[in-house]
Amino acid sequence: MRILLLGLCLALEIGCGGQETRPLKISGVTVSSISSSQATIHWATNDPSDSQVGFAASPSPNFAFTACCDPKGTRSHLVVLSGLTAATQYNFAARSFDGTTRAVSEIGEFTTLEPSRHDAVENSRADGLAAFPEAQGAGAASVGGSGRAGGVPKVYEIVNLDDHGGACSGDKCSGSLRFCLEGSGPRTCVFRVSGLITPQSRLAVFNPYLTVAGQTAPGGGIVLGGANQRGEVIFIATHDVVMRYLTYDGNNPNTPTGPRTGTVGFEIASGNAYNIVLDHISARWWGNKAFAQLSNDVGNDHNLTYQWLLAYEPHIAHPVGVGSDATAGSAFLTTEIDFHHNMFANIDHRLPFINGGRNVRWINNLVYNWNQYAGLSNGGAQIDYIGNKYVDGNLSRERVHEFLANGNNDDPRDLSDNCIGSNPCDNPGPPALYFLNNIGRHNTTATMVPNDSGQIAMTRQGWEGGETGNRNSSGPMPSNWFRKEPLPAEKFPIQVDSVTGLDSVLLATVGNSQRPDCDGNWASNRDVHDARIIEQYKTRGKGAAFSGQFSSPAIPAGTPCDSSLHDGIPDAWKKSRGLSLTDGGLWSRKAPNGYTYLENYLNGTNPAR
């Protein structure tokens, strides 16, 4: 959706009464679920209010109005526009009012789909397939570059480590990683090289339907970043993106360290970003953030999955972990953000930091050698903390509780970014938190009783300074902050493992740890630093934040598999399954199990079932 700066006067005519006076604010206007005949308009307000949308086919100034005024008395507004004409551009404005005051959005626009495009999207959503079989959580409905949402898919062979350049012939392309990321339409990046890719400007993904299959790289795989990186290495501002089996090296001594500068690995921001999965990625030595997520005035992030990540040793001057944030966007609509089966080591704090976000799941994460604080949320976040393991190490000097929350509605000592200046501040406290089966320094007994005495013993009110030094957020959490039931189940729910067996589940394959050979058999492919961190945890060895004490390892070149059709599938894999070596369209065709043949190779699955 693109917000237009004209025609605001039209929106002011919408309505069910109310005076244009003060404080009601609209934020985070997004358009989703666009079909040939429908579109869903979603926005948030800072106070409970009613909802209405005016809309018209462009360029008509005569808006039709949805029924007044449904839903009522809510801060999260969702209105479905029906009976639209296919392949038509519409202008619209959202309006909310509370009986005495009203707020109106700027004019936005969207274009309905062609009927055939709508059918393809609906079929893809109805096929019951996750992005790949192990994808779980809020982002797992992503179709990535598969083509299951329609369009003509392309496969891009990454044949060099250059910063730019490439060419396409039909559905086959060849060139740099940037060439693939900046392409359009459904596309899958496969690698014919291994090594370090150092972008001279951020690698931006603005067009949806992308899969980056780092597991296809030969030898030591693909490392992004390095000493001469500039800007965020990967910047995602769209939907339906899958990135797997990559390593981020954030060590650039030429860039000052954060919090307002420094290197960034993967950032999701500046768009209506959703259906995104980051899977089996390793990250180390970053100067600002390894994984950043921000909703701003361009759009709100939602339905994201971070899974099987291995992140460790941020720069000592800004040793922070992961989380969710919202500034000029809507914290209320920054929702369905899931972190599961990840490992974090030698990181001081923000494990996680939910500074702007509503529904968040933090499940089966392993945190080792933390210090200032671990989990912290601001405002009215609704978080499920389930089956997480917090283990002390030599850095763990401050004996703070594992889970902190600041829910005292704009505590002046620790404002959420969403509540600074003119930002909407649309998700105030109190929070709603659910705790189950977590263990750490304040509770060593795992049970299956939600919010039992052991779980509550792991909690306190707190702030960015920890759990002391702020009289506005200290002491035990109030009882009404604890939620009795978990968040609603998702389409592809996270399969929760018992925290007592978490080590045996995670340690073998977390991070950028493996790849398929030419026959499709998966083998371990960890580099020396990832292996060092796993061994440090197993032996409870000493660790530290990054201060230049380590250097980047050599990356073995390896030999790419023969792929005579340049379609991402090795000839050997096809031969062993009795598939054609001359059918140029096989790679993008659906196999009996619903995934394309290329996806089956990438996923390590049997296409016959």
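Predicted model: local features only at pLDDT ≥ 70, side-chain atom pairs only at ≥ 80, totals over all residues.

Trainee: What makes the link of Cys168 and Cys173 a disulfide?

Mentor: A disulfide is a pair of cysteine sulfur atoms within 2.5 Å. The sulfur atoms of Cys168 and Cys173 are 2.0 Å apart, and the pair is joined by a disulfide. With 105° about the S-S bond, this link is right-handed. The whole structure holds four disulfides.

Trainee: Why is Cys173 called buried, and what is Cys168 called?

Mentor: Buried means under 20% relative accessible area, exposed means over 50%, and partly exposed lies in between, with a 1.4 Å probe and protein chains only. Cys173 has 3% relative accessibility, and therefore counts as buried. Cys168 has a relative accessible area of 36%, so Cys168 is partly exposed.

Trainee: Which hand does the link of Cys180 and Cys189 have?

Mentor: The disulfide of Cys180 and Cys189 has an S to S distance of 2.1 Å. Its torsion about the S-S bond is -90°, and the link is left-handed. Both cysteines, Cys180 and Cys189, are buried.

Trainee: Why is the disulfide of Cys419 and Cys425 called right-handed?

Mentor: The torsion about its S-S bond is about 80°, so the disulfide is right-handed. The sulfur atoms of Cys419 and Cys425 are 2.1 Å apart. Cys419 is buried because its relative accessible area is 17%; Cys425 is buried with a value of 17%.

Trainee: How do you know that the span of helix 6 agrees with what it should be?

Mentor: Helices (H or I, at least four residues) and strands (E, at least two) are DSSP runs, numbered from the N terminus. The expected span of a helix is 1.5 Å times one less than its number of residues. For the twelve residues of helix 6, residues 528-539, this gives 16 Å, and the end C-alpha atoms are 16 Å apart, so the two agree.

Trainee: How do you know where the buried residues of helix 6 lie around its axis?

Mentor: The buried residues of helix 6 are His529, Asp530, Ile533, Ile534, Gln536 and Tyr537. They cover an arc of only 155° around the axis, and therefore lie on the same side of helix 6. The arc is that of the directions from the helix axis to the C-beta atoms. The face turned away from the buried side carries the exposed residues Val528 and Lys538.

Trainee: What lines the second largest pocket?

Mentor: A pocket is an open set of points on a 1 Å grid over the protein atoms alone, with protein on both sides within 12 Å along at least five of seven lines, and lining residues have an atom within 4 Å of a point. The second largest pocket is lined by 29 residues, with Pro259, Lys289, Asp325, Arg350 and Asp417 nearest its centre. Strand 21 gives the most to this lining, with five residues.

How values were computed: Residues numbered from 1 in each chain as written. Heavy atoms only, no water. 1 Å grid on protein atoms, 1.4 Å probe; cavity = no way out; pocket = protein on both sides within 12 Å on 5 of 7 lines; lining within 4 Å.
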